[in-house]
Amino acid sequence: MTKSFDALILGGGAAGLMCAIEAGWRGRRVAVLEHADRLGRKILISGGGRCNFTNIHCHPENFLSSNPHFAKSALSRHTPQDFIALVEKHGIPYHEKTLGQMFCDRSARDILNMLEEECRAANVQIFLKTRIREITRPSGFVVRTDDAEFRTPALVVATGGLSIPKVGATSFGYDLARQFGLKIREPWPGLVPLVLNSQDRSRYCDLAGVSAEVIASCEGQRFREKMLITHRGLSGPAILQISTYWKSPQEIHLDLAPSHDVTLAFRDPNVPRNVSSLRNELRKHLPSRLADRWLNGNAPRTWTSAALAGFERQVHNWTITPAGTEGYEKAEVTAGGVDTDELSAKTMESRKVPGLFFVGEVVDVTGHLGGFNFQWAWASGAAAGRAL
Ligand SMILES: Cc1cc2nc3c(=O)[nH]c(=O)nc-3n(C[C@H](O)[C@H](O)[C@H](O)COP(=O)(O)OP(=O)(O)OC[C@H]3O[C@@H](n4cnc5c(N)ncnc54)[C@H](O)[C@@H]3O)c2cc1C
């Protein structure tokens, strides 16, 4: 059985659905081929089930890519306000949680329902449980599945990255890019908890559950947010953010008392210079258990002003060398991907293979935590959808 469409979209996640909707509304005959038994599984589990669907403070600096300018065009033509307008058109209640992060009041299901409704209205055909066996390009693209053959002049790859294989992530997009001779920037897990080396693990990991506001920095990037101690290492927003920039065996620097001078009290000659006073001071800025534990390993050897100044520097620059990350099983995104040199920033179309498009996470554009990855999915999907 052969079916023909103006455009075929591989992958029914955030980017693929947005692309299909945009092209469908423009009158194109569009089909989405999805290998899972339902659309948008990642949307459903996103944002703790409430989907942080965009961020109103979205700037190109919130994205990591080998070409920092690449995302600008798509992001400027489909903004957070455009997506919010769609959410409002569907009467979905939402709120700003913090730092511009927009969440559903009820459930991520609202966002998926909205996208499915838009697909229906735009006459997009959806094929679920579709296993793609082969893609060739005799003239136009031919996609063979287990029980059908699809023909199209425009093929959009929206199959996402490698993170969370248990909800359907595959290397399909990268494999297809390679098949057509496109360069890949080797993927790595991003927005992922870090595993501490064995020494730090035995020193700190029994404090699992303790959290503190820190500044985490690496590779010239810094994030002031919460850090959480886990059973194997560190997590929490500050760590997830910095993890995308970290590559083994680099160090990560942690400021444990941002904007505070923990040894200030010792300028008063009446304050005794000893461990117990220092512990009290540190406890003002860190949870007691973490303050005590950290002090165990880092107390000053003497109580001179120079030694206290050294301690102060250390508090603001706790240097760790993680053993690794928790990998794709726990990563919220996959960094790296189809090299942006290969694609038009305006349309996401391959420069080498006309008619072949890549959108969303499979492209070498990775957002910070906080709704930026969905914003990239919507914006890049819309950019391609307008060009189909
Ligand atoms: C736990 C978790 C929470 C997250 N929370 C947020 C959040 O709150 N805010 C935010 O901005 N980002 C969040 N993200 C990141 C965000 O979900 C992704 O960046 C976004 O979904 C990427 O969209 P995409 O369409 O490119 O890929 P995906 O949404 O992953 O969609 C890819 C689709 O392609 C399908 N597919 C894969 N291989 C094949 C194949 N061979 N054939 C056919 N179909 C295939 C998949 O089943 C999937 O439906 C979260 C991620 C995770 C894992």
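The legends below describe close-up views of aromatic rings in a predicted model. Residues are numbered from 1 along each chain as its sequence is written, and side-chain values use heavy atoms, without hydrogens or water. In this predicted model, local features need pLDDT of at least 70 and side-chain atom pairs count only at pLDDT 80 or more, whereas totals for chains, interfaces and linings use all residues.

**View 1. The aromatic pair of Phe63 and Phe372.** Rings of Phe, Tyr and Trp (its six-membered ring) pair if their centres lie within 6.5 Å; planes under 30 degrees apart count as stacked, over 60 as edge-to-face and the rest as tilted. The count under this rule is 14 aromatic pairs. Phe63 and Phe372 form an edge-to-face pair, with 6.1 Å from centre to centre and 85° between the planes. Phe63 belongs to strand 5 (residues 63-64) and Phe372 to helix 12 (residues 372-387), 309 residues apart. Helices (H or I, at least four residues) and strands (E, at least two) are DSSP runs, numbered from the N terminus. Both Phe63 and Phe372 are buried, that is, under 20% relative accessible area (1.4 Å probe, protein chains only).

**View 2. The aromatic pair of Phe141 and Phe180.** The ring centres of Phe141 and Phe180 are 5.9 Å apart and the planes lie at 75°, so this pair is edge-to-face. Phe141 counts as buried at 1% relative accessibility, and Phe180 counts as buried at 16%.

**View 3. A cluster of rings.** Ring pairs join Phe53, Phe83, Tyr94, Phe374 and Trp378 into a cluster.

**View 4. Charges over rings.** The charged end of Lys97 sits over the ring of Phe103, 4.8 Å from its centre; the term requires NZ of Lys or CZ of Arg within 6 Å of the ring centre and within 35 degrees of the ring normal. The charged end of Lys247 sits over the ring of Trp188, 3.9 Å from its centre.

Note on methods: Buried means under 20% relative accessible area, exposed over 50%, partly exposed in between (1.4 Å probe, protein chains only).
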